[in-house]
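Have the structure open as you read.

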Amino acid sequence: IWISYYVDWTEEDLREIIVHEMIHHYTQTIEGHKGGLFGHNWRFKRQCKRLKKEYGLIIHIYPYNICRLWAQP
């Protein structure tokens, strides 16, 4: 997991990023799936929906190019 230090993240943003990455880890280790565009496939989205339903968490999926823009100094 990498988190850019060029961005002034809020605590809420950091929490979402960590949960987002934990979903990737879950789908790869528990479900054994390693495919899809950056892992944002139906399995990933299913876990996002589950977490929203059970805990009210909203996890955003950002395109790779936006992540690259955030990482720029």
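## Glutamate 54 and its partner

Glutamate 54 is partly exposed, at 46% relative accessible area. (Buried means under 20% relative accessible area, exposed over 50%, and partly exposed in between, with a 1.4 Å probe and protein chains only.) Its salt-bridge partner is arginine 50, with the closest N and O atoms 3.3 Å apart. A salt bridge here is a side-chain nitrogen of Lys or Arg within 4 Å of a carboxyl oxygen of Asp or Glu. Arginine 50 is partly exposed too, at 34%. Both residues sit in helix α2, 4 residues apart, or about one turn of the helix.

A word on where this comes from: the model is predicted, so local features need pLDDT of at least 70 and side-chain atom pairs count only at pLDDT 80 or more, while totals for chains, interfaces and linings use all residues. Residues are numbered from 1 along each chain as its sequence is written, and side-chain values use heavy atoms, leaving out hydrogens and water.

## The other salt bridges

The structure holds 3 salt bridges. One of them joins arginine 15 and glutamate 11, at 2.8 Å from N to O. These two are 4 residues apart in helix α1, so about one helical turn separates them. Arginine 15 is partly exposed at 45% relative accessibility, whereas glutamate 11 counts as exposed at 59%.

Glutamate 31 pairs with arginine 46, and their closest N and O atoms are 2.6 Å apart. Glutamate 31 is in the loop between α1 and α2 and arginine 46 is in helix α2, so this pair ties together parts that are 15 residues apart in sequence. Both ends are partly exposed: glutamate 31 at 26% and arginine 46 at 36%.

## The overall fold

The chain has 3 helices and 0 strands, in the order α-α-α along the sequence. Helices (H or I, at least four residues) and strands (E, at least two) are DSSP runs, numbered from the N terminus. Of the 73 residues, 23% are buried. Among contacts (heavy atoms within 4.5 Å) between residues at least 6 apart in sequence, 45% join residues at least 24 apart.

## The nonpolar core

Which residues make up the largest nonpolar core? Val19, Ile23, Phe44, Cys48, Leu51 and Ile59 do, 6 residues in all. For a core, count buried Ala, Val, Leu, Ile, Met, Phe, Trp, Tyr and Cys residues joined through side-chain atoms within 4.5 Å.

Leaving aside residues up to four places away in sequence, valine 19 touches Leu51, Leu57 and Ile59. In soluble globular proteins, nonpolar side chains tend to be buried together.

## A histidine trio

Is histidine 40 buried or exposed? Histidine 40 is buried, with a relative accessible area of 18%, and its place is in the loop between α1 and α2. The side chain of histidine 40 makes polar contacts with the side chains of histidine 20 at 3.0 Å and histidine 24 at 3.2 Å. A polar contact is a pair of N or O atoms within 3.5 Å; within protein, one must be able to donate a hydrogen and the other to accept it, and residues adjacent in sequence count only if both atoms are side-chain atoms. Not counting residues up to four places away in sequence, histidine 40 also touches others, including Lys45, Ile61 and Tyr62.
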